[in-house]
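Here is my note for your first read-through. Please keep the model open beside it.

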Amino acid sequence: MKSTFFFRLGIVLFLAISLWLAGVTFHYPYLGILLKQSADGDWIVRKLETDSASLKMNIRVGDVVTHVDGEPIDEHSTVQKWRSVEQATTLELNRNGETLNLKVNMADATASTDIFPILGELLCISFAALLYWKTGHSRSARFLSLVFLNIGFIFASLGASQRGDTLGKVSMSTLMMLLPVVFLHFLIVFLKEKGEIQFPIRFLRYLYIAVGLLFLPVLTFITPQAFYFYQYSIQLVISFFLFGILLNFFFLTYVFIKFHKQDSYLSTIIKTVWWALAVSFFPFAFLSFVPQLLFGNDGISSLYTSWFVLFFPIAFAYLIMSKQLYDIDLVLRRFVFTTVISILPACVIVLLIAVIFQQAATVHHLLLSFIFILMLLSFVIYSLEYFATKLEAVMFPRKYHLQNALKKIAVNLQSISSFRELKDIILVDIVNSLEVFGAAIVFKYKDRLETVLEGDIELAEVEWLTSTESMEHPSLRCFEINRHEEYTSYLIIARKRTNTFLGMEEIQWLNLIISYLAVSLENMHLIGKLHMRLQRLAAQIPNEHASQDFIWFRKLMFELQEAERKRIATDLHDTTLQDLFFLKKRFSSILDKLDFPKEDMERMKNIIDYVEIINTNLRQSCFELHPHLLYEIGLIRTIQKVIENESSLCPFQLEFNARGAARVESWDMDTKRHFFRIIQELLNNAKKHSQATKVSITMTQESDHILLIYEDDGIGFNVYQTSEAEIEIGASGTGMEQMKSRVLYMDGQLDFRSGRGKGLQIWISVPIKEVLTA
């Protein structure tokens, strides 16, 4: 109840103060008449502020103001407190002995001092409400809403503060000191939520206490003689604001230096925060506040530079609501590049303005015009690529059509396995996209031609064109794809159906297609050669007695297999397993932070359990692909670990015994790996084919050999009904034949005995000393 009461009270106070500040802003025009008191006690106009209503009235610097609203000027509240004339309806001036009576009209007010503050306030409040409504469950989103409200209240106070309202100046000064502290608090919460970085927040209490202490001098604004405290208090407010901004930058720099090497995602977040903060506060701090602190005047009015402050919260509202990052390095490069390009045309436009409006154009207005035009041109050029891409189908229909065709061809090239497939997969799209009569791809060997045709194109003309040295034809155009010692390939294009030449876009498109084709055709050629050579080699592999002459082939195949297995295992570990780990961690974090209904809580826990199952299965697959335990605990203990894991999963009883086989640990690592792969293959065959109830694997030493015995009581098979190629130890293949090849590679022997319904027994003998190193 108390929290609800205070929340409602806060809403009422906020609305009441906002209405008061808006009433002051719209009831009085911003006069901007700054005064100084002469030795005679006269109040002399010292300065007329930019964008103030006094510039449109008959008031000049040096005029003596004698009365405000019919009363002596000494009695006017804004003169007493701030040494300025505001909230006035009539003025009486003395200029060179002549008395001037002036009436202040709302028509003299400028839109920038009336509309801009209210517009900024409404915009900030809208963002805060939208952010709280859409992502109110996020703590960082709630803090960002407070940042928006802080900035919105500053905008609301700006108009009243300019008009000499005490409440406006107190609110403005206090909120300016509070803003960098709230920013810092938001950053700490944001980094904890998005980057899981924990920072102590105790020091924030001291910053909030400092704001409270500095609020005491601001309270002197309510006294009649506030001017004597006002000038020093403003310098104190500006100094604390700049200190708070620097503290934010130092904090982000520290976080970036500490964590940028650990996590690229976190590094991107920090860089994005840093640059968003710089864009938001650099113009406001260094173009308005620093000149005010050093010289007593704004370089550029804070009414304009304060709009940059919105960049930071808007950028983070996007990050929180979209849950996506953009490449900040790319954004900055493009921004700098477009700004540099925009400088010259912006200078030309400003020069034309200065020439056309010679009398009205001041240096101040020309500078503001240059900044505005530069920003506008930079934004237009920066957005040009985006809009050109979105509207490409309308603005550049031919280019759009060709790019879609290129994407389709690039995808289709991945599935090509033979030369003849080029017709349906590639040539048809080329003919339709270019709107030509036909096309052909030619492989020219020393003794023959291979040609694929599509459309209305003559084979005889294509063969004649590729046989000539000039490669010229009245209706055909020849493009060389690649040139090789054994062959040269060409792409032949017939003339267009419209009887026109190929355009520049079409030629560039064809060059891209040719570069893709060059790689694809070269791969097809190499794969074809490799396939033919492997077929010849497989036909020539002798029996086991002469297999030593071809051990290099087995060595090469095993090395390639192991390298590919290790690469796949490493990729799975470094990518998928890491993603699963962070996914589970994020789910657990959400489960801890949010209160779910009981049914949803169970669903979340089931999801986390399922992610853990996937993680376990992937880790087992990685181990099977790359058994790293061989390096850590040796061959026998690694086999024992595998047997322990498989025992709970296999549909049969699994036993393993290693008696007197410790000398296997003296083998080199490659031989251990081959022996381990043999046991893996035995287990896989047993699970897939044996239908056994009991499987036993035994390792023992006999003389100078290690003997591996495998036995099961499964269905077995009839050895005498299998083909000679299947039982011949030297035959190539997978499964059993792969195991036989490994045994031969280790200079071992393999024998097996089986029959229908009699199970399977396998004996493998490998020498201990004369093992081969891969």
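1. Ground rules. This is a predicted model: local features need pLDDT of at least 70, side-chain atom pairs count only at pLDDT 80 or more, and totals for chains, interfaces and linings use all residues. Residues are numbered from 1 along each chain as its sequence is written, and side-chain values use heavy atoms, leaving out hydrogens and water.

2. Strand S8. Start with residues 438-445, which form strand S8. Strands are DSSP runs of E with at least two residues; helices are runs of H or I with at least four; both are numbered from the N terminus. In S8, 7 of the 8 residues are buried, so the rest of the structure largely encloses this strand. Buried means under 20% relative accessible area, exposed means over 50%, and partly exposed lies in between (1.4 Å probe, protein chains only).

3. Partners of S8. Two strands pair if DSSP finds at least two bridges between them. S8 runs antiparallel to strand S9 (residues 449-455), with 7 bridges joining them. A hairpin of 3 residues links S8 to S9. Look for Ile441 opposite Val452 in S9. S8 also runs antiparallel to strand S11 (residues 487-494), again through 7 bridges. There, Ala439 has Ile493 of S11 as its bridge partner.

4. Salt bridges. The whole structure holds 10 salt bridges. The test is a side-chain nitrogen of Lys or Arg within 4 Å of a carboxyl oxygen of Asp or Glu. One of them joins Glu646 to Lys687, with the closest N and O atoms 3.1 Å apart. Glu646 sits in helix H21 (residues 635-647) and Lys687 in helix H22, so the pair ties together parts 41 residues apart in sequence. Glu646 is buried at 8%, while Lys687 is partly exposed at 36%.

5. Another pair. Glu665 bridges to Lys672, with 3.4 Å between the closest N and O atoms. Is Lys672 buried or exposed? Lys672 is buried, at 8% relative accessibility. Glu665 is partly exposed, at 30%.

6. Backbone angles. Most residues other than glycine have a negative phi. Gln87 has a positive phi of about 55°. Gln87 lies in the loop between strands S5 (84-85) and S6 (90-95). Gln691 also has a positive phi of about 55°. Gln691 is in the loop between helix H22 (669-690) and strand S13 (694-702). Gln691 is exposed, at 64% relative accessibility.
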